[in-house]
Amino acid sequence: MTDIVTFGETMLRLSPPRGDRLERTGELDVQAGGAESNVAVAAARLGCDAVWLSKLPDSPLGRRVVSELRSHGVRTGIAWDDSGETRMGTYYLEHGGDPRGTNVIYDRSGAAVTTAKPAELPRGAVRNAEVFYTSGITPALSSTLAETTASLLETAQDADTTTAFDLNYRSKLWTPEEAGEKYESLFSHVDVLVGAERDIEACLGRSGDPTDVARELADEYDFETAIVTLSDEGSVAVHDGEVYEQGVYAAETFDAIGTGDAFVGGFLANRLDGGDVPSSLAYGAATASLKRTIDGDLAVVTPEEVAAVVEEDADAISR
């Protein structure tokens, strides 16, 4: 069996050198980036057999994405589109400090993935996985993808594959009301829910003490595990009625993009390795802290580095 299979869009991330502006730069760094492939890479780097499913244009740009992901140990199941009518989604990232801040510009309309249907994808990989993961970004991209996301979650559930879903709300894709309605329609097929506190409040209308929110979600939707992430304050999880809290590990932030995906990848990797929920939360938090020190979307880390972060913090607490 495969450890983890993910499904979603990956784009090419184009970034000018730090300190330069998009409107005047003469060069762009090119990297792959997307929530589901970010999770797959983190899990693969941490020892899992990981597969990423998607649809890409049969072009040099599509092959560029596959090549990068495979270089990190991720296997791919791609529906190749050779119609010439679709394209590779991209996004432009302009790093900036205060007061300007970092700017992200998406150019993903008409991307090949928006037409992906279940029959085009290797659903056997989903059935034979320990965990199937996708996020709320995917059903936001098109009505076709909304149907495909639901179908793949059902396929996984029918095969007793654990399903994991991160809300990952993006205001540039849909309204909180639209997102909340779609999320709730998928929840009956989800075992492990991850959601940022701000997304849960905006899209699901749940606010208050994060522990209470996690417990309410777990009880109402019968999640095996419900995790509420709290930005700089860590996370809280409810699993089998028990509450677990996890802080963040200090990190000098070089690039915060992909931090949440690194957390999910680290958490799932540790669970797949037999870790319990508290140790997996710590593993996810450590993976996320290391990601913040790395340029690009991907958590290019090792199990030894993650373990060292966790152990160093444990040693500091015991002293």
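**Group meeting: a predicted chain and its backbone exceptions**

Residues are numbered from 1 along each chain as its sequence is written, and side-chain values use heavy atoms, with hydrogens and water left out.

Let me turn to the overall form. With 319 residues, a compact globule would have a radius of gyration near 20 Å, and the chain agrees because its value is 19 Å; that radius is taken over C-alpha atoms, and the globule rule is 2.2 Å times the number of residues to the power 0.38. Buried residues, those under 20% relative accessible area with a 1.4 Å probe and protein chains only, make up 55% of the 319.

Now the backbone. A cis peptide bond, with omega about 5 degrees, joins D98 and P99, and P99 sits in the loop between β6 (90–94) and β7 (103–107).

Which residues other than glycine have a positive phi? D160 does, at about 65 degrees, in the loop between α5 (143–158) and β9 (162–166), and D240 does, near 50 degrees, in the loop between β12 (235–239) and β13 (242–246). D160 is exposed (over 50% relative accessible area), at 72%, and D240 is exposed at 63%.

Key:
This is a predicted model: local features need pLDDT of at least 70, side-chain atom pairs count only at pLDDT 80 or more; totals for chains, interfaces and linings use all residues. Helices (H or I, at least four residues) and strands (E, at least two) are DSSP runs, numbered from the N terminus.
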